[in-house]
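Please take a walk through this structure with me. The sequence and the model come first, and the explanation follows.

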Amino acid sequence: VNMPGMSGLDLTEAIRNSPRLRDLPVVILTGSVTREEEVRGRAVAASAYLDKSTVDQPRLLEVLSALW
């Protein structure tokens, strides 16, 4: 979510607004989970929103497998 220049949420929104990229799966993996960011992640149509502190490798692989 926190990136220099543009947030991951802004990037996801830009991807969804691009005719060429709109169907690209976007997984937000963040260490700064707030309810507001999670709601916004869903609003910009992130394919998945994961918390670094709670996600483990099996769960991450499950999410990625479901998207490809």
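R42 counts as exposed, at 55% relative accessibility. Here buried means under 20% relative accessible area, exposed means over 50%, and partly exposed lies in between (1.4 Å probe, protein chains only). R42 forms a salt bridge with E38, and their closest N and O atoms are 2.8 Å apart. A salt bridge is a side-chain nitrogen of Lys or Arg within 4 Å of a carboxyl oxygen of Asp or Glu. Both E38 and R42 lie in helix 2, four residues apart, which is about one turn of the helix. Helices (H or I, at least four residues) and strands (E, at least two) are DSSP runs, numbered from the N terminus.

A word on the source: this is a predicted model, where local features need pLDDT of at least 70, side-chain atom pairs count only at pLDDT 80 or more, and totals for chains, interfaces and linings use all residues. Residues are numbered from 1 along each chain as its sequence is written, and side-chain values use heavy atoms, with hydrogens and water left out.

How many salt bridges are there by this rule? The count comes to four. Side chains of opposite charge can pair when their charged atoms come close. One of the salt bridges joins E13 and R40, with the closest N and O atoms 3.6 Å apart. E13 lies in helix 1 (residues 8-17) and R40 in helix 2 (residues 35-43), so this pair ties together parts that are 27 residues apart in sequence. E13 is partly exposed at 35% relative accessibility. R40 is partly exposed too, with a relative accessible area of 31%.

Helix 3 has a pair as well. R59 forms a salt bridge with E62, the closest N and O atoms being 2.9 Å apart. The two are three residues apart in helix 3 (residues 57-67), separated by about one helical turn. R59 is partly exposed at 37% relative accessibility, and E62 is partly exposed at 48%. Elsewhere, salt bridges that share partners join D10, E13 and R40 into one network.

Now turn to the inside. Which residues of helix 1 are buried? They are G8, L9, T12, I15 and R16. These residues cover an arc of only 120 degrees around the axis, so they sit on the same side of helix 1. The arc is that of the directions from the helix axis to the C-beta atoms. The buried residues of helix 1 pack against strand 1 (27-30), helix 2 and strand 2 (48-51).

In soluble globular proteins, nonpolar side chains tend to be buried together. The largest nonpolar core has eight residues: V1, L9, I15, V26, I28, V44, A46 and Y49. Such a core is a set of buried Ala, Val, Leu, Ile, Met, Phe, Trp, Tyr and Cys residues joined through side-chain atoms within 4.5 Å. Take V1. Leaving aside neighbours within four places in sequence, V1 is in contact (heavy atoms within 4.5 Å) with S7, G8, L9, I28, T30, S32, E37 and Y49.

A45 has a positive phi of about 70 degrees although it is not a glycine. Most residues other than glycine have a negative phi. A45 counts as partly exposed, at 38% relative accessibility. M6, in the segment before helix 1, is partly exposed with a relative accessible area of 37%.
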